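Here are my notes on the structure, as numbered points. Please read them with the model open.

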Amino acid sequence: MATIFKKYSPLSLLLIIFSFAIPNIAHTEQQEVPDEGPILVRLPTASQLLPLYLNPVQSDNSRFSSTYLAQIEGVLSFDLNNNGATQGVERTASRQKLAQEPFTSTSLQKWKAESVFYIITPTVTQETLSTLIASTTNATVKKIDGIPLTGNIDEDRRHIHQLADAIHKELFGTEGVASTRVLYTVRDRHNSKDPLKWTAEVWQADYDGGNAHQITYENTLCVTPSYLPPKPGYGSGSFFYTSYKKTGQPKIYVASLRDGLGTRLSTLPGNQFMPVCSPQRDLIAFISDAAGNPDLFIQEFGPEIGTIGKAKQLFSSTRATQGSPTFSPDGNKIAFVSNKDGVPRIYTIDVPKHGQKPNLSSIKLITRANRENTSPAWSPDGTKLAYSAKADGTRQIWVYEFASGRERQLTQGASHKENPTWASNSLHLMFNSSENNSSELYLINLNQPHATKITQGQGEKRFPNWEARQ
C-alpha cells in the first residue's frame with residue numbers, strides 16, 4: 001500500500017483514500033443545475049413543532065429602510081422556522097387584525113383560539129431591535145431588548161441570530177444554534193492561476209449559510225476542516241485541516257480563524273489526513289500511512305503548546321484502509337471507518353489512557369444495515385452516530401442509536417449525501433449533497449421532514465464541520 005501512495009498524484013491519492021467519502025471528485029467544469037426536489041427525512045420525528053406567529057418588524061422612529069427591516073424579518077423568520085421546536089403559521093386576516101391589539105389575557109385567549117402558541121413582535125427603535133415574546137400556553141409576555149443594529153444586514157445578522165437563540169432560551173430553557181458557525185471547503189478551478197488545476201479552500205459561514213467568507217488562500221487542495229473545540233463559554237478560534245501545499249502530500253495543519261495561516265501539526269512522515277480534536281482538547285485523532293497503511297493514529301495535544309510526544313498508532317489492519325475518526329463526547333472512544341472485513345463499515349474503539357497500549361478487544365462493529373458506510377459523526381449528547389451509507393445505489397444520511405442499536409435512514413432522494421455534522425444540541429445536522437457536478441450544504445433537524453439548502457453559487461461545498469459549544 002505504501003508503494004501505491006508514491007505512484008499517484010495528490011489528486012489521485014485523495015481519490016484512492018477517500019473514494020468512499022468523495023464521489024465524482026474528478027468532475028468536469030461545474031454547470032448550473034436546477035435544485036432537486038425536497039430531501040425527505042424518514043427518521044420518526046421526536047416531537048411536534050409548535051405554531052408560532054411572527055409579526056412584521058415594526059419601525060418606531062427608526063432611520064432604517066423598509067427593505068432593511070424586511071431583511072431582519074427574513075433572518076429571524078428562518079431561525080424560528082428551523083430551530084426544531086417552532087413552525088411559523090400563516091398571516092391570515094384574523095391574525096393580522098389580532099396582531100394590532102396589545103397583549104392582554106383576553107387577546108392571548110384569542111390567539112390561543114387561533115391555534116397559536118407563541119407570538120413574536122419585533123420592533124426597531126432608532127438603531128436598536130427589541131422583541132416582545134407572548135406565550136398562550138402560560139399567558140405570559142416578556143421582552144428582549146438592546147440588540148444593536150448598523151443597517152448592514154451582513155454585519156447585523158449575527159445579532160439577529162443571537163436574538164433568535166435568546167427567544168429559544170426564553171421559550172424552552174435551552175440554547176438555540178442560530179448563532180453558531182460552520183466550516184467547509186469550496187472546490188473549483190476559478191481561483192487558480194492554472195485554469196486546469198482544481199483547488200479547494202476552507203470557508204466559514206453562519207449556520208444558515210450567511211456571512212460566508214474564505215479562510216485559507218493556499219491555491220491547493222484543502223480538505224476535512226474541523227474546529228478546535230473552544231473553552232467553556234468561548235467561541236472557537238482555531239481549526240485543523242488537511243492541505244497538499246509545499247510537499248504535494250496531504251499533511252495536517254492548524255490555523256487561526258482570523259488569518260487562516262496554517263502551521264504543520266507534526267513532522268510525521270508519509271500522508272496524514274482527516275484530523276479531529278477530542279472535546280477535552282487533549283488528543284488529535286487522524287489517519288496516516290506512516291507505518292505503510294492508512295491507519296488510525298492519536299496524538300497528545302495542548303492548545304497552547306501544540307503536540308506532546310510522538311503520535312501513536314491506535315488501529316491497523318493489513319491491506320485495509322481506515323478513515324474518518326470521530327470522538328465520543330467524553331473522549332473515551334473513537335468511531336472510525338475501516339474496510340478490514342471487505343467493505344467500509346463503522347467501528348468504535350476505546351481510547352487508551354496515557355501510557356497504556358490500545359485495547360484491540362474493545363473494537364465493536366456499529367453499522368450492519370448497509371455494505372458501504374462512511375463519515376461518522378458522534379452526537380454531542382453521546383446517544384447517536386450520524387453517517388453516510390449507500391442505499392439502493394445512492395449515499396444517504398443514516399443515524400445509529402446506541403441505546404437500541406438501530407440504524408435508521410434519515411434522507412431520501414437522488415443526490416449523494418455525505419459528511420454529516422451535528423449541532424451542539426444533537427438535534428440539527430448539516431451535510432453536503434452532490435449531483436450533476438454540483439455540491440451544496442443542507443440543514444435539517446430530526447423534528448422536521450425536509451432539508452434546507454443553505455449554500456449556493458460557484459464551487460463544490462463539502463466537508464461541513466459544525467462549531468461546538470462547551
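1. Start with the pairing of strand E15 (residues 283–288) and strand E16 (residues 295–302). This is a predicted model. The two strands run antiparallel, joined by 6 bridges.

2. E15 and E16 belong to an open sheet of 4 strands, in the order E14-E15-E16-E17, and the pairing is antiparallel. Strand E14 (272–277) and strand E17 (306–315) are the edge strands; each pairs on one side only. From one strand to the next, the twist averages 25°.

3. Next, the length of helix H3 (residues 66–81). How far apart are its end C-alpha atoms? They are 22 Å apart. The helix has 16 residues, which at 1.5 Å a residue should span 22 Å, so the two values agree.

4. Which residues of H3 are buried? They are Tyr-68, Leu-69, Ile-72, Glu-73, Val-75, Leu-76, Asp-79 and Leu-80. Buried here means under 20% relative accessible area. Note that Glu-73 and Asp-79 are on this list. Seen down the axis of H3, the buried residues fall within an arc of 165°, so they line one face of the helix. An α-helix has 3.6 residues a turn, so residues three or four places apart point the same way. Ser-66 and Thr-67, on the other side of H3, are exposed.

5. Last, the partners of that face.

How values were computed. Residues numbered from 1 in each chain as written. Predicted model: local features only at pLDDT ≥ 70, side-chain atom pairs only at ≥ 80, totals over all residues. Heavy atoms only, no water. Pairing = 2+ DSSP bridges. Axes fitted to C-alpha atoms, helices over the stretch in contact; angles between N-to-C directions. Expected span 1.5 Å × (residues − 1). Buried < 20%, exposed > 50% of the residue type's maximum accessible area, 1.4 Å probe, protein only. Arc of directions from axis to C-beta.
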